[in-house]
Amino acid sequence: MGSSRFPGKPLIKIGGKEMIVRTLERALLAECFERIVCATDSEQIAEVVSNAGFEFVLTGPAATGSDRVAEAARMLDLDLVVNLQGDEPLVEPSVLVDVAKDLASHPDCWVTVACPLKREDVSAKTVVKVLVKDGLAVDFTRELSMEEAPRWYQHQGIYAYSRRSRDEFSSLPQNAVELDRSLEQMRILGRTPIRIVQSPFPSISVDVPSDASAVEALIHERKSLR
């Protein structure tokens with residue numbers, strides 16, 4: 001709810017439905033999870049999620065999404081967890097299945113997603129980019145030149161990790177690079193392998209109000225094609 005670029009965005013209505021509910025419904029479509037839980041420190045979000053028929057857990061304030069997930073997973077006594085960020089209302093369910101399978105096969109690693117980087121997003125600081133080598137992430141950035149762009153992918157807001165990996169992450173202080181880039185994964189890059197699931201589907205994360213408008217337009221377009 002406290003997003004600096006888009007305050008209150010989890011509850012913004014897209015096509016008449018709160019974004020967080022749309023994201024939870026996409027997770028449900030994956031049909032591969034034993035449990036789907038919204039981790040939040042907002043009673044407003046918790047009420048909306050509960051009214052939509054989903055489970056929630058209230059955490060304290062958290063520096064990052066992964067810190068929040070680590071706290072929630074400890075409260076629920078969970079091991080393997082896929083963290084789908086609440087601003088991914090168009091995530092492809094098959095990608096979540098691939099992430100869950102990869103984590104089950106490599107529980108000592110983090111797992112995340114790379115998808116095609118569109119030319120118009122190269123200079124957008126709201127779009128996170130990832131450099132991949134031999135199936136692993138080697139760097140993340142928000143700023144990129146057109147000359148560098150062909151080697152990079154767009155990063156999608158999905159992480160997966162085991163209890164051990166989350167506990168390691170949450171025990172570490174935020175480092176200078178993490179704070180400078182506002183990218184939580186920089187805290188463990190180089191300490192824990194970050195495996196990449198390649199997705200052919202472009203990602204639209206809702207970071208600013210114009211992103212919500214783009215998602216709504218796509219939803220209407222898909223309905224018209226049915």
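Which residues does Thr 64 touch, not counting residues up to four places away in sequence? I found Phe 169, Gln 174, Glu 178, Glu 184 and Arg 187. Contact here means heavy atoms within 4.5 Å.

Note on the model. It is predicted, so local features need pLDDT of at least 70 and side-chain atom pairs pLDDT 80 or more, while totals for chains, interfaces and linings use all residues. Residues are numbered from 1 along each chain as its sequence is written, and side-chain values use heavy atoms, with hydrogens and water left out.

Thr 64, continued. I placed Thr 64 in the loop between strand S4 (55-58) and helix H3 (65-76). Helices (H or I, at least four residues) and strands (E, at least two) are DSSP runs, numbered from the N terminus. I looked up its accessibility: Thr 64 counts as buried because its relative accessibility is 12%. Buried means under 20% relative accessible area, exposed over 50%, partly exposed in between (1.4 Å probe, protein chains only). The Thr 64 side chain makes a polar contact with the side chain of Asp 67, at 2.7 Å. A polar contact is a pair of N or O atoms within 3.5 Å; within protein, one must be able to donate a hydrogen and the other to accept it, and residues adjacent in sequence count only if both atoms are side-chain atoms.

Helix H4. I listed its buried residues: Pro 93, Val 95, Leu 96, Val 97, Val 99, Asp 102 and Leu 103. They pack against helix H1 (19-29) and strands S5 (81-84), S6 (110-115), S9 (152-161) and S10 (194-198).

Helix H1. Eight of its eleven residues are buried. Just after H1, Glu 31 takes a positive phi of about 55°.
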